[in-house]
Amino acid sequence: QRDHRPQHKKECKKRAAELQDEILFQQPNGSHHGDCPICFLPMPLENHRSVKLACCFKEVCIGCTYANELRELEGRLEHKCTFCRHPTPRTTEECDRTLMKRVNANDPAAIRHLGN
């Protein structure tokens, strides 16, 4: 290796930097949050990079939410849930009714949300 290094010093440093970048920027195989139910990529570890939907209590990555918003803007469509495509609740009372409907259906995410 000592004989090799002076000949290819720049190339070796460049390749070492590339390998370091690959390690740092690769997607994790999974997280304890599970996968996005739309794109099936691992859910981000940061809570602000995912959205819990008020109508079906699914947690969706921010990328899928953004793509849905773009689709709705471009098509001038009514705003609907990213996952179930139902109209999103507009008032607090509608959100509460939807929450209780999901709780009565024994949805664990809704029950947990109610407990918080």
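How much space lies in the second largest pocket? The volume is about 280 Å³, taken as the space filled by probe spheres set on grid points joined across faces, edges and corners. A pocket is an open set of points on a 1 Å grid where a 1.4 Å probe fits, with protein on both sides within 12 Å along at least five of seven lines; lining residues have an atom within 4 Å of a point. The lining comprises 14 residues, and Lys-52, Phe-57, Lys-58, Glu-59 and Ala-109 are the closest to the pocket centre. Helix 5 (residues 108-115) contributes the most to this lining, with four residues.

The model is predicted: local features need pLDDT of at least 70, side-chain atom pairs count only at pLDDT 80 or more, and totals for chains, interfaces and linings use all residues. Residues are numbered from 1 along each chain as its sequence is written, and side-chain values use heavy atoms, without hydrogens and water.

Three salt bridges are present in the structure, each defined by a side-chain nitrogen of Lys or Arg within 4 Å of a carboxyl oxygen of Asp or Glu.

| Salt bridge | N to O distance |
|---|---|
| Arg-15 and Glu-18 | 3.1 Å |
| Arg-49 and Glu-46 | 3.5 Å |
| Arg-102 and Asp-107 | 3.2 Å |

Arg-15 and Glu-18 lie three residues apart in helix 2 (residues 9-25), and therefore about one helical turn separates them.

Conventions. Helix = DSSP H or I, 4+ residues; strand = E, 2+ residues; numbered from the N terminus.
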